[in-house]
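Hi,

Here is the structure I promised to send over.

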Amino acid sequence: MVADSLPPGATLAMHMHGRWGFDPFEGPDYVVQRPDGGTWARAAGATGALVAGRDNEVILEGPAPGCVDDVSLRLGNSATSRSVTFRAVDATHLAVTVPLAEGETGELRLDVHQQSLGTPASVTLRARAESSRIDSVDIRAGDSEAMITGQRLEQVVSLSLGDAEFRPDGLVRDGRIDRLHLAVTGNARAGDAGTTAKAQIKLDDGRTQAVSIRIGPARPRIDLISRTVNAAPVPPGTRALRFASDDLLPEDAELVFSVRAGANTTLASSDAIEVAPAGTQTGLRLTTAKGLMATDPSVLVATMRAADLPPASFGPLRYRLVKGDGQLGAWQPLATMARLPRITGFACDSGGSLPCTLTGRNLFLLDAVGADGDFTRAVTVQPGFTGSSLKVPRPADGALHLRLRDAPQAKVTLPANPG
């Protein structure tokens with residue numbers, strides 16, 4: 001049979017008849033196809049992205065798969081391609097093995113080359129990282145936080161439970177197990193203990209997973225009674241700063257705070273208090289052996305040095321109760337830790353719009369310097385400033401007002417006249 005006698009795109013079933021000498025015989029069956037340059041696409045019903053980290057079999061649908069002599073794979077915008085394994089499944093389908101064992105993600109293209117056709121047909125697909133594995137979701141009655149345990153949890157962007165939406169607030173990896181802490185946005189809270197519900201977990205590529213959960217009993221709770229910041233001695237040659245509240249914890253200071261057991265919470269000598277920067281799950285653990293003292297069965301007094309926190313711990317700090325049996329209390333705000341500039345001098349002359357000069361070290365830790373507490377007349381300090389002096393306005397009330405980069409809400413002043 002001459003190929004040109006077949007119409008483009010035709011598929012014919014053929015059977016051979018013949019004679020061997022004087023005896024007739026029946027030969028094999030054949031399928032004869034002729035490509036027509038038609039389009040190829042992923043087979044109907046074959047949906048979903050390919051998964052990175054393993055080989056994926058993709059079923060393509062198109063004309064004359066028996067005439068395919070090569071299938072090549074191109075990743076993203078790469079200028080190079082490589083041939084991949086394929087086989088004809090039937091008269092209209094082709095099975096292609098897409099190797100993604102190296103973890104490639106994003107857009108990819110399969111080029112289907114057929115005999116006698118110069119231009120290949122292209123099929124565009126998308127490869128995604130393997131979806132997060134959710135082992136458990138821990139949400140307690142009245143919670144403003146949640147804990148997901150599983151693998152590849154860095155993909156999680158939110159968890160929705162009724163009107164409450166939780167967002168990532170710190171990921172901890174313990175070997176091959178991930179523990180993702182989430183905090184609620186807004187004022188919504190989890191429901192009553194024993195309630196069952198469906199939580200929707202959204203991943204960063206738009207995929208979602210539905211998880212059945214049962215709300216557990218309320219977490220053990222401690223509430224802040226009071227706190228005191230004990231400042232370190234002012235280094236020689238350095239001007240002292242004044243702070244308007246005990247919420248600000250300088251990096252070289254000591255913090256003493258007391259807590260009381262909440263409803264349905266009993267304290268024990270094996271309990272601990274953890275202090276950590278907001279958005280992290282690791283910090284400083286205070287125990288009765290170090291930093292924690294019970295004043296009565298329901299009250300604990302904690303003493304800690306800011307310097308004992310992990311390096312680069314600045315900004316809002318929070319605390320929680322850790323029971324001896326491993327139960328975790330809810331995180332609660334404690335104080336704001338700030339790194340301070342070392343001010344060595346402040347002087348003013350009689351002229352100019354900025355008649356005063358502020359000198360010192362680490363002035364980049366200042367966000368702004370103002371003549372008053374509203375910063376209506378102020379200079380902004382650029383991030384990464386490395387100089388040792390700044391031109392600043394004359395104080396309007398006998399003190400220069402400083403806005404710290406680590407604690408912009410804190411009220412910090414430098415008296416114009418030391419003493």
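**A hairpin to start with**

Let's begin with glycine 162: this residue takes a positive phi near 60° in the hairpin of S14 and S15, which has two residues between the strands. Strands here are DSSP runs of E with at least two residues, helices are runs of H or I with at least four residues, and both are numbered from the N terminus. Two strands pair if DSSP finds at least two bridges between them.

Before you read on, bear in mind that this is a predicted model: local features need pLDDT of at least 70, side-chain atom pairs count only at pLDDT 80 or more, and totals for chains, interfaces and linings use all residues. Residues are numbered from 1 along each chain as its sequence is written, and side-chain values use heavy atoms, with hydrogens and water left out.

**Around that hairpin**

S14 pairs with strand S15 (residues 164-174) in the antiparallel sense, over three bridges. Within S15, phenylalanine 166 is the bridge partner of leucine 159. S14 (residues 156-161) also pairs with strand S17 (residues 196-203), again antiparallel, this time over four bridges. There, lysine 202 in S17 stands opposite serine 158. As a reminder, strands of a sheet pair through backbone hydrogen bonds, either parallel or antiparallel.

**A five-stranded sheet**

Another piece to look at is an open sheet of five strands, in the order S4-S11-S10-S6-S7 and with mixed pairing. Its edge strands are S4 (50-51) and S7 (82-83), each of which pairs on one side only. S7 runs antiparallel to S6 (residues 68-75), with two bridges between them, and serine 83 in S7 is the bridge partner of serine 72.

**The whole protein**

The C-alpha trace spans about 125 × 60 × 35 Å along its principal axes. The radius of gyration (over C-alpha atoms) is 35 Å, while a compact globule of 419 residues would have one near 22 Å; that globule rule is 2.2 Å times the number of residues to the power 0.38.

Buried residues (under 20% relative accessible area, with a 1.4 Å probe and protein chains only) make up 40% of the 419. Of the contacts (heavy atoms within 4.5 Å) with a separation of 6 or more, 60% are between residues 24 or more positions apart.

Cheers

How values were computed:
Buried means under 20% relative accessible area, exposed over 50%, partly exposed in between (1.4 Å probe, protein chains only).
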